[in-house]
Amino acid sequence: MGMTIAEKILKAHLVDGKMEKGAEIGLKIDQTLTQDATGTMAYLQFEAMGVDQVKTERSVAYIDHNTLQSGFENADDHKYIGTVAKKHGIYYSKAGNGICHQVHLERFGAPGKTLIGSDSHTPTGGGIGMLAFGAGGLDVAVAMGGGAYYIPMPKMVRVNLTGKLQPWVAAKDIILDVLRQMTVKGGVGKIVEYAGEGVATLSVPERATITNMGAELGATTSVFPSDEVTKAFLEAQGRGDVYIPLSSDPDAHYDEEYTVDLNTLAPLAAMPHMPDNVKPVAEIGAIPVNQCCIGSCTNSSYYDMMKVAAILKGKTVHPDVSLTISPGSRQVFDMMAKNGALSDIIAAGARILECACGPCIGMGQSPESAGVSLRTFNRNFEGRSGTQDAQIYLVSPEVAAASALTGVLTDPRTLGEAPVIEMPEHFDINDNLIVKPAEDPASVEVRCGPNIKPFPLGAALEASYSGKIVLKTEDNITTDHILPAGAKLLPYRSNIPYYANYCFINVDPKFPARCQEMGGGIIIGGANYGQGSSREHAALVPLYLGVRAVLAKSFARIHKANLVNSGILPLTFADPADYDKVSLNDSIQLPHIADEIRAGSQVTVTVNGYTFKADCEVSERQRSALLAGGTLNYAKQTAK
């Protein structure tokens with residue numbers, strides 16, 4: 001039997017385990033990336049491992065999230081990351097150079113390589129044929145130290161793209177349609193591979209938009225073939241030497257298949273407050289719009305920006321709309337400035353923001369109260385924008401630009417002839433904001449500011465546990481629910497004790513105080529608990545607050561791994577009906593927990609005298625980590 005693209009790359013990088021569906025496999029990692037919101041913690045963990053120089057082919061630290069320097073905290077984090085990078089063999093992309101995924105696609109990504117990043121949208125690299133995974137910071141630290149990256153062997157999903165996109169229909173509409181078909185839970189435990197005649201019609205930036213938002217499917221990752229389109233992009237970036245062709249075998253087996261007919265696809269929008277709440281723009285209707293934000297790692301490429309500039313040229317943004325533009329990289333920004341596109345955008349009345357994540361993570365540009373904001377981003381979770389009651393719609397750059405001009409949600413097909421944008425034969429190359437590692441690492445002093453606090457470590461699993469249920473949540477709890485981001489809180493990502501005061505505050509404002517009063521406890525979760533960002537803070541902060549286990553209907557992949565890394569038990573209801581039989585503040589016991597985890601058997605749970613079973617579906621390696629109180633503790637034990 002033939003192999004898929006993903007299976008070929010997995011096989012070439014397999015260092016542990018067997019490629020059997022559901023079994024844990026360990027992979028050699030070629031490249032890593034971090035960003036500043038998660039990077040400080042990742043590098044603290046890397047330093048704790050005692051490794052002198054990174055063992056990867058290329059590791060890059062990006063500054064793109066916490067770029068608003070309203071106090072010393074972010075600047076201190078940047079200094080710490082910069083000095084750690086210089087000392088330990090890591091390339092350092094300074095603030096202003098651009099968003100990690102856009103820059104990595106331009107300057108470092110390569111077909112056939114493996115990449116993990118401490119950001120859930122790292123699968124953007126699948127747009128050039130990489131196998132790129134979002135991961136927790138500790139997993140990235142381990143990979144930088146030369147260790148394997150472990151995942152359950154995924155199922156394979158094929159999405160057939162037939163036909164060709166019609167004018168005014170975009171790659172964003174393709175992934176929104178896939179989300180409409182598969183839902184935010186449909187990709188869990190799966191790698192999504194794109195195939196069919198439509199693939200050759202899509203540029204690398206369009207492909208990257210699709211793989212970027214594969215994270216919203218809950219997918220392990222997404223990948224496109226590496227073909228002549230890939231080769232042309234890499235050659236235009238001056239990196240044609242890294243190109244290799246990659247395609248699936250004709251007789252490759254897929255566990256699921258879906259089809260998107262590009263010929264009939266129409267402009268779509270994800271309505272509040274989930275990326276899979278998708279409807280045609282024409283069906284939603286001409287709702288008044290207060291804000292349009294174009295950019296983020298999903299839609300900030302040169303290709304996207306040139307389309308927006310063409311739509312806005314010679315026109316004026318509607319007086320009731322605030323339009324912001326965030327170019328994805330300095331390369332994009334500079335080329336727009338040179339060819340006049342930036343002038344067209346400015347003349348139309350748009351606000352030009354820094355080459356950074358910005359509004360996507362609530363770092364400025366929060367909408368007005370109950371405001372309607374159209375965003376070309378990847379997530380529209382409630383409150384993520386920084387305004388709790390804002391109505392966030394996810395749309396293509398074409399829809400956003402058209403709506404900015406009319407003041408209402410607009411199907412761009414009503415605007416007449418669509419602009420046609422060609423990919424450049426040569427991109428402008430200037431890497432002077434990427435700092436290379438020091439030639440003399442011993443001469444570098446790591447600078448650690450006062451806001452950077454030690455990360456918490458779990459304790460070895462006790463024989464039995466008794467405590468309280470400190471929170472009960474609904475389905476689809478995101479890491480934004482667990483730990484909000486935004487301009488007010490992101491500067492404290494390096495200060496777990498301070499950040500702990502804000503854990504779950506938009507779900508239950510009393511949660512941090514309840515944990516402190518009760519000495520921690522157990523969280524009850526619904527389905528798809530922990531979807532969204534890869535931020536391991538969503539595990540580290542509950543650990544700091546004394547949370548010993550999360551008992552849920554199901555987990556998102558990265559968050560489950562982060563819980564294990566932190567030594568928090570990820571338990572699932574053996575019978576989902578038991579979810580309805582437990583409540584906040586109930587007494588809960590795990591009377592035989594250590595022996596049951598050690599044996600790999602079901603876990604006995606008693607709540608107010610009612611006893612039922614839970615599962616702890618983890619690998620043998622993860623069981624050992626849970627017994628030790630987390631992955632770092634386990635690594636120290638095995639190193640002795």
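Why is H18 largely enclosed by the rest of the structure? Eight of its 10 residues are buried, where buried means under 20% relative accessible area, exposed over 50% and partly exposed in between, with a 1.4 Å probe and protein chains only. The buried residues of H18 are Arg 557, Ile 558, His 559, Asn 562, Leu 563, Val 564, Asn 565 and Ser 566. Helices (H or I, at least four residues) and strands (E, at least two) are DSSP runs, numbered from the N terminus. Just after H18, Gly 567 takes a positive phi of about 85°.

The model is predicted: local features need pLDDT of at least 70, side-chain atom pairs count only at pLDDT 80 or more, and totals for chains, interfaces and linings use all residues. Residues are numbered from 1 along each chain as its sequence is written, and side-chain values use heavy atoms, with hydrogens and water left out.

H18 also takes part in the largest pocket, giving six residues, the largest share of the lining. A pocket is found on a 1 Å grid over the protein atoms alone, as an open set of points where a 1.4 Å probe fits, with protein on both sides within 12 Å along at least five of seven lines; lining residues have an atom within 4 Å of a point. The largest pocket has a volume of about 850 Å³, a volume being the space filled by probe spheres set on the points, which are joined across faces, edges and corners. Its lining has 38 residues, and Pro 152, Val 188, Arg 557, Lys 560 and Glu 617 lie nearest the centre. Strand S8 (149-152), helix H18 (557-566), strand S24 (569-573) and helix H20 (620-628) each supply at least two lining residues. By class, this lining has 15 nonpolar, 11 polar and 12 charged residues; Ala, Val, Leu, Ile, Met, Phe, Trp, Tyr, Cys and Pro count as nonpolar, Asp, Glu, Lys and Arg as charged, and the others, Gly among them, as polar.

The second largest pocket holds about 700 Å³ of space. It is lined by 30 residues, and Thr 201, Glu 206, Tyr 303, Val 420 and Ile 421 are the closest to its centre. Helices H7 (204-212), H8 (228-236) and H10 (302-312) give two or more residues each to this lining, and H8 gives the most, with four. The lining divides into 21 nonpolar, three polar and six charged residues.

The structure holds zero disulfides, a disulfide being a pair of cysteine sulfur atoms within 2.5 Å. For Cys 292, the nearest cysteine sulfur is that of Cys 293, 7.6 Å away. Cys 292 counts as buried at 0% relative accessibility, and Cys 616 counts as buried at 4%.
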